[in-house]
Amino acid sequence: MGKQISLNIPGEEKRAEKIAGHLKSFWTPKMREEFFHYIETNKSEFSQELIDAVQILKTK
Amino acid sequence: MTILKEPDYGTPAVSNDQSVKVKIDGIDVEVPAGTSVMRAAAEAGIQVPKLCAKDSLNAFGSCRMCLVEIDGKKGTPASCTTPCEQGMVVKTQTPKVERLRRGVMELYISDHPLDCLTCPANGDCELQDMAGVVGLRDVRYGFEGSNHLNEETDSSNPYFSYDSSKCIVCNRCVRACDEIQGTLALTIQGRGFNSRVSAGGTDFMSSECVSCGACVQACPTATLQEKNVIDLGMPTRTVLTTCAYCGVGCSFKAELRGDELIRMVPYKDGGANEGHSCVKGRFAWGYATHPDRKTKPMIRQKISDPWQEVSWEEAISFAATGLKNVQQKYGKQAIGGITSSRCTNEEVFVVQKMIRTAFGNNNVDTCARVCHSPTGYGLKQTFGTSAGTQDFKSVAKADVIMVIGANPFAAHPVFASRMKKRLRQGAQLIVLDPRETETVKNPHVEAKHHLQLLPGTNVAVINALAHVIVTEKLVDEEFVKERCDIEAFEAWKEFIALPENSPEVVETISGVNAQEIRNAARLYASANNSAIYYGLGVTEHSQGSTMVMGMANLAMATGNIGRDGVGVNPLRGQNNVQGSCDMGSFPHEYSGYRHVGDDSVKELFESMWNAPMQTEPGLRIPNMLDAAIAGEFKGIYIQGEDIAQSDPNVKHVKEALASMEMVIVQDLFINETAQFAHVFLPGTSFLEKDGTFTNAERRINRVRPVMASKTGKSEWEATCDLAKAMGYEMDYENAAQIMDEIAKLTPTFAGVSFKLLDEVGSVQWPCNEKAPLGTPIMHVDQFVRGKGNFVETPYVPTEEKTNRKFPLLLTTGRILSQYNVGAQTRRTANVAWYPEDVLEIHEADAHARGIKDDSWVHLQSRVGETVLRAKISDRVPAGVVYTTFHYPVSGANVITTEFSDWATNCPEYKVTAVECRPSLRGPESLLVNSDALVGK
């Protein structure tokens, strides 16, 4: 799902922020936590924007 | 209320800025130019006798009852076909016209059975009335001559009969079928004295008749008569209410005799339907009193135990204890609920309130999750609000109608009739659909462009249409500059002009001829008014939300927003999809689509509800099911939905339900989901409800109780009882009080009350201080969000791929006579039209597999298998198969997968890779074994 979101949120600018905003708006905290954990251990599977989006969420 | 008879002005109203003054029987009348003398007379309070005229039909001038005399004019013209002229002086009652009318009436009666006292239309027969009005006292010709009195009655239709012996050949039924319904199934066969109404030379059931009832309603005698009226007698009182089938939301007069519902008659002043109906709304309401209906609360400790009928108090206490125990064991987030689009706004509102207060979390979702959730997301991102832009009436001003992923002829028939009328007037039709549906081509309507795309390629095609508009400079620059966010537009323009979005590239992806895409785009962009109407063929994809934004981009780029005849309009599947979304049923939003993380909104709800609100989104339906299987979600309240039949990958749904410790189902019937329930709370049918539904055009309509609740409670009362048993005080005296609370908490509903609705009939939200009588068309001067927002919509292919094992693509939908999971329509005579789900398959695919028409076919996807009967059809292209999900026995959603829309999790019902082969046995042999799951 994270990958799907990343592919479907377009634009060059502020893409990571937009992805982060989507995850914050629609996912439960638990879903986000599980995703953070998964992405941490499987970084190579994901785009840089998605990894950046997770970082943005973690710092909020 | 006694029986409600709406006034009939004889001919349709005329819209004209110019008016003319006439004098009729000494009364001065001013009417729009072009108005008939008959209508002008009616507006002056003078009823000219008539038989073939009706104000829902164009004037015909055949019955010769409405003859009048006009000063300075020769003869006795028919008032229905004579337009008023300035200064005209008309006399409707003169010895001459009275004599002529009596003479004509004598001829009618000489060939009409004189059985008024035993006739089912006695008291509701215009011929009888007119015979009295013209003062007919005897028939000089006798009754022995040639006549039609011994003609046979056609009783083939389950709901009405055609008794030719009573027919006066007024043509009203034929014209109603032509002009109102647009099916043209009826005609007058024979000439002169032998002229008779005919359903195309066959009986009604074998004909093209779609059983909408327009002919029955138009008939002035008992020729076309509801069988219920024949069997039970004429109704004596009326309750105005709203249909509970599709999202058109037709207004009906429920006509009763005592407490027995005799018939449903579409209401002429109904804003959505203006007097028209379809086979479901008009006739298929018998499920409300079907013997399968459960009206007593029931409980059981385990789902393998038999049900035990108990009192409401015991059932509520059992349910509350179960939910509290779950929360104690697994945490506050371990329970949630699902609201229903079949229930009223008020019923839905209290369920989401109960979840946010008594349950203490935001784990509320609604069945719109699996249908139109992408509409909410996509239109909010682009326009600023989660709803369609127009009223239904607007289609009458459209010059080009683009229907995308919808088949209104089958699923929204009353809207389709409006659309067909406009198409017959010359509007052009573009359809995007993998199938050649009735909307694409039928004997009377044919799309100018049918973009027959492969399932799953919507976004590629909408981008190609936009590409043509941008690269051929068809953009409405002035509109975009004035109304839209220019920065977003420029970014979108650059994206859409990329070669990857060109029709030539998209042809290789979608299978749609590039030139056809170019021509369709030019047609859409160049018309004065182009309107988009869409359905679940847009939303139920992995890119459903992207496609909604793609359509919004297209409308903004061409300036087709903010006036009559244009817009982007979702055709909602169920009666209250719009309302259930409006009422705060999503886990991230309160009523009025305000995010749970918004502090000011949170404070408003906390102060009003006197309970702490959570600021994080809750679980969506698929999240709830996944969490259940993971052992983290253990209790659910399901209001009027059958997720074990309607949701994708049914096996997964059933496993999730079976793993829960407290499942509460509120429904009319023991449906598939209730097989997994511990508590069954009997629900009320729409005939028992008091509240409101909001249709696809944002129209809030009253639903009034036609009969007393068969369960002893309103559904909202049961919800309040459960909330109280959970520890949260929730009390209302009536449904009107709930609406008052909705209005206080929801800016777009601020002006709505039952009192207002009772006064004005219906309103379309926003209804507030700025728009006290509602808003038929949105985004008129500016978008709700301010500037329209163009969003880039890259095409991302679905992960559901065909391969050697599953080489065909299955797409699903519904048909005219059945509805959703069929719980209602399967319990009516509508089964006569569609007794089982079938698999439409192209001849080439069938031949390659040795599949014969009407034989059993085994259908398999990577998640499940079923058996259906094959229907070889050229409506589907080779490589695509199609079925419906109306019958649990064939269980189409056993096949569909858990792939879903990236933004909203709306399931991708429309794209499933499958294979099929001949089967010797029917579907019973492969039913998902619920018994094993429930431990029986």
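Residues are numbered from 1 along each chain as its sequence is written, while chains are lettered from A and ligands numbered from 1 in the order in which they are written. Because the model is predicted, local features need pLDDT of at least 70 and side-chain atom pairs count only at pLDDT 80 or more, whereas totals for chains, interfaces and linings use all residues.

Chain A contains four helices and zero strands, in the order α-α-α-α from the N terminus; helices (H or I, at least four residues) and strands (E, at least two) are DSSP runs, numbered from the N terminus. Along the principal axes, the C-alpha atoms of chain A fill a box of roughly 25 × 25 × 20 Å. The radius of gyration of chain A is 10 Å, which agrees with the value near 10 Å for a compact globule with 60 residues, where the radius is taken over C-alpha atoms and the globule rule is 2.2 Å times the number of residues to the power 0.38.

Between the chains, 15 residues of chain B are in contact with twelve residues of chain A, contact being defined by C-beta atoms, placed from the backbone, that lie within 7 Å. The side of chain B that touches chain A divides into six nonpolar, seven polar and two charged residues; Ala, Val, Leu, Ile, Met, Phe, Trp, Tyr, Cys and Pro count as nonpolar, Asp, Glu, Lys and Arg as charged, and the others, Gly among them, as polar.

Within chain B, the axes of helix α22 (residues 621–629) and helix α24 (residues 650–658) come within 8 Å and cross at roughly 60 degrees, the axes being lines fitted to C-alpha atoms, for helices over the stretch in contact, with angles from 0 to 180 degrees between N-to-C directions. α22(B) and α24(B) are therefore oblique to each other, since angles under 35 degrees count as roughly parallel, over 145 as roughly antiparallel, 65 to 115 as roughly perpendicular and the rest as oblique. The contact involves B:Leu625, B:Ala628 and B:Ile629 of α22(B), together with B:His652, B:Val653, B:Glu655 and B:Ala656 of α24(B), and these residues divide into five nonpolar, one polar and one charged.

Also in chain B, three strands form an open antiparallel sheet in the order β29-β30-β31, two strands being paired if DSSP finds at least two bridges between them. β29 (691–694) and β31 (762–764) of chain B stand at the edges with a single partner strand each, so one side of each is left without a neighbour in the sheet. Four bridges join β29(B) to the antiparallel strand β30 (residues 699–703) of chain B, and B:Thr692 stands opposite B:Arg702 in β30(B).

Notes: Two residues are in contact if their C-beta atoms, placed from the backbone, lie within 7 Å.
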